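The entries follow the order in which I looked things up.

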Amino acid sequence: MAEAYKLDCEAAEADCRFIVQSENEEEAFDLARKHMSEVHGKDYTDDELRADHLQTV
Ligand SMILES: [Zn+2]
């Protein structure tokens, strides 16, 4: 079974319950980046997301 990419926004932004989980890395990054930008007004690069926020599960 393929591993999945998961972003638990609560770990980055207190009080946010948003969770992204996808087996498709591109999709996980797109959704995570879009959420961070639209909801939190923060622009993260893929490297920042990978380093700080995305987990593989
Ligand atoms: Zn959030």
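The entries below begin with conventions and then go from the sheet to the helix.

Entry 1, conventions. I am working with a predicted model, in which local features need pLDDT of at least 70 and side-chain atom pairs count only at pLDDT 80 or more, while totals for chains, interfaces and linings use all residues. Residues are numbered from 1 along each chain as its sequence is written.

Entry 2, the sheet. I looked up the strand order and found an open sheet of three strands, β2-β1-β3, with antiparallel pairing; helices (H or I, at least four residues) and strands (E, at least two) are DSSP runs numbered from the N terminus, and two strands pair if DSSP finds at least two bridges between them. β2 (19-22) and β3 (54-56) are the edge strands, each with a single partner, so one side of each has no neighbour in the sheet. On average, neighbouring strands are turned by 20° against each other, direction ignored; the axes are lines fitted to C-alpha atoms, for helices over the stretch in contact, and angles run from 0 to 180 degrees between N-to-C directions.

Entry 3, strand β1. I counted four bridges between β1 and β2 and three between β1 (residues 5-8) and β3. Leu-7 stands opposite Val-20 in β2 and also opposite Leu-54 in β3, whereas Lys-6 has Gln-55 of β3 as its bridge partner. Tyr-5 and Leu-7 belong to the covered face of β1, and Lys-6 and Asp-8 to the uncovered one. In a regular strand the side chains alternate between the two faces of the sheet.

I found α2 (residues 25-40) lying across β1, β2 and β3, at about 165° to β2. Its 16 residues should span 22 Å at 1.5 Å a residue, and the end C-alpha atoms are 21 Å apart, which agrees; the expected span is 1.5 Å times one less than the number of residues.

Which residues of α2 are buried? They are Ala-28, Phe-29, Ala-32 and Met-36, where buried requires 20 or more other C-beta atoms within 10 Å of the residue's own, exposed 12 or fewer, and partly exposed lies in between, with C-beta atoms placed from the backbone.

Just after α2, Gly-41 takes a positive phi of about 65°.

Conventions. Two residues are in contact if their C-beta atoms, placed from the backbone, lie within 7 Å.
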